[in-house]
Amino acid sequence: MKSDFSEHFLIKDSVDLSKLETEYKGHLTKDDGIILLEQEKVKLRELQERLYADGSKSLLIVLQAMDAAGKDSLIEHVFGGVNPQGCEVTSFKTPSEKEYSHDFLWRHYLALPAKGKIGIFNRSHYESVLVCKVHPEYNLNENVWKSTKEFNAEFWENRYESIRNFEKHLANNGTTIIKIFLHISKKEQKKRLLDRIEEKEKNWKFSPGDLPERALWDDYMTVYEEAINETSKKHAPWFVIPGDDKWFARVAAIQIIIDALEDMNLQFPKLSDDGLTELSKAKKQLESE
């Protein structure tokens with residue numbers, strides 16, 4: 001790689017999203033990026049196999065972004081070469097009645113990756129401090145609170161604390177967590193929404209609800225910034241990746257994921273002397289057939 005994207009896009013202290021570029025590409029060209037992505041996909045497949053064989057750790061990747069930022073296509077292009085038996089994507093929509101009858105983290109526990117596997121959250125537990133902070137009335141569906149007046153600073157701090165504790169618990173029990181925010185500009189979102197309207201094969205992607213949410217762009221930038229600053233920790237870091245160029249976002253994301261897997265020091269199981277003896281016997285038996 002020509003750049004260390006894991007280090008470059010890691011949020012170490014506080015972040016001001018308005019000061020971060022959305023078009024950054026480092027020293028790469030698009031052609032470079034396409035070639036690099038294919039090379040890195042081979043490496044990712046090898047590391048996934050090692051993760052499965054090791055069986056002591058898991059990887060959770062949290063993807064968050066504004067509408068049309070490219071989460072779905074990033075998942076498709078980055079993970080297109082992995083073994084689907086060891087990787088599961090969960091897309092979190094509006095909670096169901098059953099999910100609302102539990103605490104806000106319950107449904108996310110159910111989707112966590114088992115040891116040896118990769119889990120991808122397409123939207124996540126962070127929606128409770130993002131869309132639910134922009135639209136606090138949504139929290140009333142949990143049937144705990146009676147009025148939006150109850151959603152004060154203490155309420156939101158408790159939510160952040162719950163998320164921090166949740167992620168700390170996972171990290172303490174063998175799950176490596178990577179949280180990625182695809183940072184696109186309002187101008188680029190407009191272009192992509194227009195593409196969805198103008199290109200027939202993309203019409204199905206457009207929702208009339210996209211426009212009212214777009215009108216709240218500044219509010220969303222504020223809550224994203226607050227959430228990232230409150231919850232980016234060494235054991236569960238946030239990475240803010242420039243998203244205006246999809247090809248670049250994919251290259252940066254796969255490097256961050258590969259670095260995290262390499263840091264796990266994953267090992268293939270080693271057979272004991274007795275195991276090697278049995279293996280030798282089995283080989284001789286098969287060759288003699």
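## Before we start

Because this is a predicted model, local features need pLDDT of at least 70 and side-chain atom pairs count only at pLDDT 80 or more, while totals for chains, interfaces and linings use all residues. Residues are numbered from 1 along each chain as its sequence is written, and side-chain values use heavy atoms, with hydrogens and water left out.

## The overall build

Let's begin with the whole protein. It contains 12 helices and five strands. Both kinds of element are DSSP runs, numbered from the N terminus: helices are H or I with at least four residues, and strands are E with at least two. Taken along the principal axes, the C-alpha atoms fill a box of roughly 75 × 45 × 40 Å.

How much of the protein counts as buried? Of its 289 residues, 46% do. Here buried means under 20% relative accessible area, exposed means over 50%, and partly exposed is in between, with a 1.4 Å probe and protein chains only. The protein exposes about 15,800 Å², and carbon and sulfur atoms supply 49% of that area. Accessible areas come from the Shrake-Rupley method with a 1.4 Å probe, and for residues only the protein chains shown count as cover.

Contacts tell us about the fold too. A contact means heavy atoms within 4.5 Å. Among contacts between residues at least 6 apart in sequence, 81% join residues at least 24 apart.

Rolling a probe the size of a water molecule over the atoms shows where empty space is left. On a 1 Å grid over the protein atoms alone, a cavity is a set of points where a 1.4 Å probe fits but cannot get out; a pocket is an open set with protein on both sides within 12 Å along at least five of seven lines; and lining residues have an atom within 4 Å of a point. Grid points are joined across faces, edges and corners, and a volume is the space filled by probe spheres set on the points.

The structure holds one cavity of 30 Å³ or more, and the largest cavity has a volume of about 40 Å³. Its lining is made of A69, G70, S73, L74, L182, G243, K246, A249 and R250. Helix 3 (71-78) and helix 11 (246-263) each supply at least two of the lining residues, and helix 11 gives the most, with three. By class, the lining has four nonpolar, three polar and two charged residues. In this scheme Ala, Val, Leu, Ile, Met, Phe, Trp, Tyr, Cys and Pro count as nonpolar, Asp, Glu, Lys and Arg as charged, and the others, Gly among them, as polar.

Which element gives the largest share of the lining of the second largest pocket? That is helix 11, with four residues. By class, the lining divides into 10 nonpolar, four polar and seven charged residues.

## Rings that meet

A pair of aromatic rings is described by the distance of the centres and the angle of the planes. Rings of Phe, Tyr and Trp (its six-membered ring) pair if their centres lie within 6.5 Å; planes under 30 degrees apart count as stacked, over 60 as edge-to-face and the rest as tilted. By this rule there are 14 aromatic pairs.

One of them is F9 with F248, an edge-to-face pair at 6.0 Å centre to centre and 85 degrees between the planes. This pair links distant parts of the chain: F9 sits in the loop between helix 1 and helix 2 (30-54), and F248 in helix 11, 239 residues apart. Both F9 and F248 are buried. W145 and F151 also form an edge-to-face pair, at 5.8 Å and 70 degrees. F151 counts as buried because its relative accessible area is 9%. An aromatic cluster is formed by F5, F9, Y24, W247 and F248.

## Single residues to look up

D54 belongs to helix 2. Its relative accessibility is 22%, so D54 counts as partly exposed. Leaving aside neighbours within four places in sequence, D54 is in contact with L266 and Q267.

R123, in the loop between strand 3 (118-122) and helix 6 (131-134), has a positive phi near 70 degrees, although R123 is not a glycine. N265 is another non-glycine residue with a positive phi, of about 55 degrees, and is found in the loop between helix 11 and helix 12 (273-287). Why does N265 count as exposed? Because its relative accessibility is 52%.
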